Amino acid sequence: MDSVQTNFDVNQAEEEMSAIESIYSDDFAYLDDSGRNFSILISNEHKASLSFHLQPGYPQEEAPSYTLTTPSIRGEIRQALCEELSGFIGETFHQQCCLYEIIEKARELLLQIPLPAVEAVQPLRRPEAETSGDLVGDVPEIFHGEPFTERRSTFQAHLAVVRSAADVEAVGRELRRNRKIAEATHNIMAYRISAEGGVVISDCDDDGEAQAGSRLLHLLNIMDVNGVVVVISRWFGGILLGPERFKHITNAARNILTEHAVIAGGPVTRTRVT
């Protein structure tokens with residue numbers, strides 16, 4: 001590929017990416033700093049996301065590669081969904097930009113799939129700080145990331161391995177026993193748990209930080225993390241961070257997941273973080 005053609009491809013891809021980011025701003029997230037890997041939340045009901053990787057030859061020489069994450073859709077239904085979407089991409093891609101058409105087709109296909117009949121776990125609520133008294137039952141071990149401060153807002157990640165709704169709720173109660181955490185401006189939560197039949201139960205809670213919980217769950221989905229709850233505490237310092245706050249929230253989560261090797265169902269280190 002000569003330099004003129006390469007520059008043409010890059011310019012086309014950049015213009016398309018800018019348009020996609022504008023159209024799906026609330027559901028759009030870059031996966032790295034390359035500007036060519038990103039993810040779109042395509043169904044809140046199914047907690048489904050579509051991740052794209054744009055090769056250097058896109059759109060003139062190579063079609064976009066994608067990963068469809070569907071926690072609540074498994075087996076033959078998921079296989080049929082992926083086959084139909086791949087067939088659509090094959091028919092639609094004619095050496096021109098086609099991301100919008102692919103995203104909308106995926107959304108259309110998901111609308112045709114019934115929602116799973118799984119009872120959602122209640123999100124973590126913020127009662128008064130619990131500073132004394134015994135907890136009923138076992139509490140999963142909780143790991144704490146290093147707090148960091150950006151423009152006077154402080155962020156800290158918390159992680160626990162969970163296998164049930166009771167575990168998620170126990171982690172929330174235990175965290176709130178710490179007065180500092182209980183008094184955080186926001187405690188944003190997301191979790192994924194395996195259920196019978198290969199179904200993954202997932203949910204999230206913004207705790208007042210609009211769209212933060214869904215973005216946190218989006219990260220768990222694209223990392224294929226299972227059996228964990230992640231809570232990000234934010235103490236607001238008086239300076240509005242705008243969309244930058246989402247980057248700090250997801251980075252805090254990604255760092256603690258990576259630190260404890262919780263990637264694609266991997267193990268959690270047994271060393272407590274203090």
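The crossing of helices H6 and H7 is right-handed, meaning that the near helix is turned clockwise from the far one by less than a right angle. This is a predicted model, in which local features need pLDDT of at least 70 and side-chain atom pairs count only at pLDDT 80 or more, while totals for chains, interfaces and linings use all residues. Residues are numbered from 1 along each chain as its sequence is written, and side-chain values use heavy atoms, with hydrogens and water left out.

**The chain overall**
- Of its 274 residues, 46% count as buried, which here is under 20% relative accessible area, with exposed being over 50% and partly exposed in between (1.4 Å probe, protein chains only).
- Take the contacts (heavy atoms within 4.5 Å) between residues at least 6 apart in sequence: 65% of them join residues at least 24 apart.

- Helix H7 covers residues 244-259, and its 16 residues should span 22 Å at 1.5 Å a residue; the end C-alpha atoms are 23 Å apart, so the two agree. The expected span is 1.5 Å times one less than the number of residues.
- Buried residues of H7 include Phe246, Ile249, Ala253 and Leu257.
- The buried residues of H7 pack against strands E5 (142-144), E6 (148-150), E7 (153-161), E8 (186-194) and E10 (228-235), plus helix H6 (212-222).
- The axes of H6 and H7 come within 10 Å and cross at roughly 35°. Axes are lines fitted to C-alpha atoms, for helices over the stretch in contact, and angles run from 0 to 180 degrees between N-to-C directions.
- That contact uses Ala212, Arg215, Leu216, Leu219 and Leu220 from H6, and Phe246, Ile249, Thr250, Ala253, Arg254 and Leu257 from H7.
- Ile256 sits in H7 and is buried, at a relative accessible area of 1%.
- Beyond its neighbours within four places in sequence, Ile256 touches Phe143, His144, Gly145, Ala157, His158 and Leu159.
- Ile256 and Glu146 are 110 residues apart in sequence, but their C-alpha atoms are 8.7 Å apart.

**H2 against H3**
- The axes of H2 (residues 75-92) and H3 come within 10 Å and cross at roughly 150°, so the two helices are roughly antiparallel, a label for angles over 145 degrees.
- This crossing of H2 and H3 is right-handed.
- H2 brings Leu81, Glu84, Leu85, Phe88, Ile89 and Thr92 to the contact, and H3 brings Glu101, Ile102, Lys105, Ala106, Leu109 and Leu110.
- Within H3, the buried residues are Leu99, Ile102, Ile103, Lys105, Ala106, Leu109 and Leu110. They cover an arc of only 160° around the axis, so they are on the same side of H3; the arc is taken from the directions from the helix axis to the C-beta atoms.

- The peptide bond from Tyr58 to Pro59 is cis, with omega near 5°, and Pro59 is in the loop between strands E3 (48-53) and E4 (65-69).
- Gln95, in the loop between H2 and H3, has a positive phi of about 55° although it is not a glycine.
- Arg152 also isn't glycine, and its phi is positive, near 75°. Arg152 lies in the loop between E6 and E7 and is exposed, with a relative accessible area of 59%.
- Glu183 is in the loop between helix H5 (179-182) and E8, and is exposed at 53% relative accessible area.

Terms used. Helices (H or I, at least four residues) and strands (E, at least two) are DSSP runs, numbered from the N terminus. Angles under 35 degrees count as roughly parallel, over 145 as roughly antiparallel, 65 to 115 as roughly perpendicular and the rest as oblique.
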